[in-house]
Amino acid sequence: MTGTTGYTVVIDNTVGSEPNTIYLTPADLPTVTGYEFDAANNNLPITGVIAADGSLVLDVRYKAAIMNVTLDANGGTFADGAATATISGEFQTAIKESDLPAAPIRPGYIFAGYQGLTFTDGVSNQRYRPNATYKATWT
């Protein structure tokens, strides 16, 4: 679209054939790490006209994506017998102690927490982020 002016840009889930109109779907929008297109808070179609100076301003809203964090029992198991557990929360929100499953068990050892996770008043020093894994520590 570089150098294209006077075109109307429409972001919607439909494909149209109006002259001088560029149709985009939400999937065509730029991705933002940790965020996703917020269909509930965008009034579709989103429209705008490319100005003579080449500028285009659209009000496109994103929301924090849900991130999955893996807890690794590190030789132990969780209550369901699995070696890992997954917790989920919004991108960049603090992990809370209340988000964690019951502590894993490992015969002959005492669970000492998760490497890299410390809590103050039930709130962690870490936040939900992509591809995070925390390993159980044992004494």
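This is a friendly conversation about reading a predicted model.

Visitor: Hello! Could we begin with charged side chains?

Guide: Gladly. Side chains of opposite charge can pair when their charged atoms come close. Keep in mind that we are looking at a predicted model.

Visitor: How many salt bridges does the structure hold?

Guide: There are two salt bridges. In one of them, the side chains of Glu 36 and Lys 63 meet, with 3.9 Å from N to O. This pair links distant parts of the chain, since Glu 36 sits in strand β3 and Lys 63 in strand β5, 27 residues apart. Asp 59 also forms a salt bridge, with Arg 61, and here the closest N and O atoms are 2.8 Å apart.

Visitor: Are Glu 36 and Lys 63 buried, exposed or partly exposed?

Guide: Glu 36 has a relative accessible area of 35%, so this residue is partly exposed. Lys 63 is partly exposed too, at 37%.

Visitor: What does Lys 63 touch, apart from residues up to four places away in sequence?

Guide: Lys 63, in strand β5 (residues 62-64), touches Gly 34, Tyr 35, Glu 36, Phe 37 and Asp 38. Take Gly 34 as an example: Lys 63 and Gly 34 are 29 residues apart in sequence, and their C-alpha atoms are 8.6 Å apart in space.

Visitor: Asp 38 is on that list. Which side chain of opposite charge is nearest to Asp 38?

Guide: The nearest one is Lys 63, 4.4 Å away. A salt bridge needs the nitrogen within 4 Å of the carboxyl oxygen, and Asp 38 has no salt bridge although this residue is buried. You will find Asp 38 in the loop between β3 (35-37) and β4 (46-49). Leaving out residues up to four places away in sequence, Asp 38 touches Arg 61, Tyr 62 and Lys 63.

Visitor: Now for the nonpolar residues. How should I read a core?

Guide: In soluble globular proteins, nonpolar side chains tend to be buried together. Here the largest nonpolar core has 17 residues, and Val 69, Leu 71, Ile 95, Tyr 114 and Tyr 134 touch the most other members. Strands β6 (66-72), β7 (84-90) and β12 (133-138) each supply at least two residues of this core.

Visitor: What is Val 69 in contact with, leaving aside its neighbours within four places in sequence?

Guide: The contacts of Val 69 include Ala 85, Thr 86, Ile 87, Ile 95 and Tyr 134. Tyr 128, Arg 129 and Ala 132 are also among them.

Visitor: And how do I describe rings that lie together?

Guide: A pair of aromatic rings is described by the distance of the centres and the angle of the planes. The structure holds three aromatic pairs. In one of these, the rings of Phe 111 and Tyr 114 have centres 5.1 Å apart and planes at 70 degrees, so the pair is edge-to-face. The rings of Phe 111 and Trp 138 are also edge-to-face, because their planes stand at 70 degrees, with the centres 5.6 Å apart. Phe 111 lies in strand β9 (residues 111-114) and Trp 138 in strand β12, so this pair ties together parts that are 27 residues apart in sequence.

Visitor: Which residues form one aromatic cluster?

Guide: Phe 111, Tyr 114 and Trp 138 do. Phe 111 counts as partly exposed at 26% relative accessibility, whereas Tyr 114 counts as buried at 7% and Trp 138 as buried at 15%.

Visitor: What is the strand order in the open sheet of three strands?

Guide: The order is β8-β11-β10, and the pairing is antiparallel. The edge strands are β8 (94-96) and β10 (119-120), each pairing on one side only. Two bridges join β10 to strand β11 (residues 123-127), and Thr 120 stands opposite Val 123 in β11.

Definitions and conventions
Residues are numbered from 1 along each chain as its sequence is written. This is a predicted model: local features need pLDDT of at least 70, side-chain atom pairs count only at pLDDT 80 or more; totals for chains, interfaces and linings use all residues. Side-chain values use heavy atoms; hydrogens and water are left out. Helices (H or I, at least four residues) and strands (E, at least two) are DSSP runs, numbered from the N terminus. Buried means under 20% relative accessible area, exposed over 50%, partly exposed in between (1.4 Å probe, protein chains only). Lys and Arg count as positive and Asp and Glu as negative; His and the chain ends are not counted. Contact means heavy atoms within 4.5 Å. Two strands pair if DSSP finds at least two bridges between them. A nonpolar core is a set of buried Ala, Val, Leu, Ile, Met, Phe, Trp, Tyr and Cys residues joined through side-chain atoms within 4.5 Å. Rings of Phe, Tyr and Trp (its six-membered ring) pair if their centres lie within 6.5 Å; planes under 30 degrees apart count as stacked, over 60 as edge-to-face and the rest as tilted.
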